[in-house]
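Welcome! Have a look at the structure below, and then we will walk through a few of its residues together.

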Amino acid sequence: MTGDPGADPERMLALSYARPGDRRALEALLALDDALAQLLRTTREPALGQMRLAWWREALARLDQEPAPAEPVLKALEREVLAKGVRGAALVPIVHGWEVLIEEESLDSGALRRFGEGRGHVFVAAGAAMGAGPHDPLAAAGQGWALADLSRNLRGSGEADGARSMAIPLLAAAAARRWSRNGRALGALAHLARLDLQAPEGAAPRIGAPHRVGRLLWHRLTGK
């Protein structure tokens, strides 16, 4: 799953395409996604994982009624995302997406779709906070981004192939559209996910390779 964002120069480049206030909102949402990924990486007992995810669900929903507790991710969401009109309850689907990986013994097409729709809601929420354009393909891009990342971290080859096969058309659809200025950082993340899927099987993506950086720069200039 996603790792230390500070160690990924391409992700930092993509985030730089957003206006400063929008970038902070996107960073807060990605920090939530990173926290949930870390939760699954460090939890071996499914029952404990479900309890910890339930805490996040309830904490996000409570942001609509009371101040955030002294938890850095929640504080950042309150300050940078809710202040832009996005409700805490609108972030709960992200947790539901991650729950699929605990609830399901095997990831069939239905489970993968639910995971992609839930986790991919990061893009939908970010688009709302950033004032993305009405024609930006937020849902398709978010789902493809989520599934592409999952496909590179699954151990079962059949499940990895399923996630990859589902991600490819979603990311192709996202890449075919011209993104608005305010949504361009999200478009860049979708382009990176698509480039990751083009790496040879079993090989790590060539982070920082000229063709990858050049693709991001072209997207920044044109929205395509």
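Let us begin with G208, which is found in the loop between α10 (184–197) and α11 (210–222). Keep in mind as you read that this is a predicted model.

**A glycine in a loop**

- Is G208 buried, partly exposed or exposed? With a relative accessible area of 40%, G208 is partly exposed, because partly exposed covers the range between the under 20% of buried residues and the over 50% of exposed ones.
- G208 and E10 are 198 residues apart along the chain, yet 6.4 Å separates their C-alpha atoms.
- If you set aside neighbours within four places in sequence, the residues in contact with G208 are E10 and V213.

**Aromatic pairs**

- How many aromatic pairs does the structure hold? There are three, and two of them are described here.
- One of the pairs is made by W55 and W56, in an edge-to-face arrangement with 5.1 Å from centre to centre and 90 degrees between the planes.
- W55 has 38% relative accessibility and counts as partly exposed, whereas W56 is buried, at a relative accessible area of 8%.
- W98 and F115 form another edge-to-face pair, with 5.6 Å from centre to centre and 85 degrees between the planes.
- W98 belongs to helix α5 (residues 92–103) and F115 to helix α6 (residues 109–119), so this pair ties together parts that are 17 residues apart in sequence.
- Both partners are buried: W98 has 0% relative accessibility, and F115 has a relative accessible area of 0%.

**A charge over a ring**

- Which ring does the charged end of R119 sit over? The ring belongs to W145, and the charged end of R119 is 4.8 Å from its centre.

**A buried aspartate**

- Where can you find D136? Look in the loop between α7 (121–130) and α8 (138–151).
- D136 is buried but has no salt bridge. The nearest side chain of opposite charge is that of R177, 7.1 Å away, and a salt bridge would need a side-chain nitrogen of Lys or Arg within 4 Å of a carboxyl oxygen.
- The side chain of D136 does have a partner in S180, whose side chain is joined to that of D136 by a polar contact of 2.6 Å.
- Not counting residues up to four places away in sequence, D136 touches R178, W179, S180 and G183.

Key
Residues numbered from 1 in each chain as written. Predicted model: local features only at pLDDT ≥ 70, side-chain atom pairs only at ≥ 80, totals over all residues. Heavy atoms only, no water. Helix = DSSP H or I, 4+ residues; strand = E, 2+ residues; numbered from the N terminus. Buried < 20%, exposed > 50% of the residue type's maximum accessible area, 1.4 Å probe, protein only. Lys, Arg positive; Asp, Glu negative; His and termini not counted. Polar contact = N/O pair within 3.5 Å; in protein donor to acceptor, adjacent residues only side chain to side chain. Contact = heavy atoms within 4.5 Å. Phe/Tyr/Trp six-rings, centres within 6.5 Å; stacked < 30°, edge-to-face > 60°. Lys NZ or Arg CZ within 6 Å of the ring centre and 35° of its normal.
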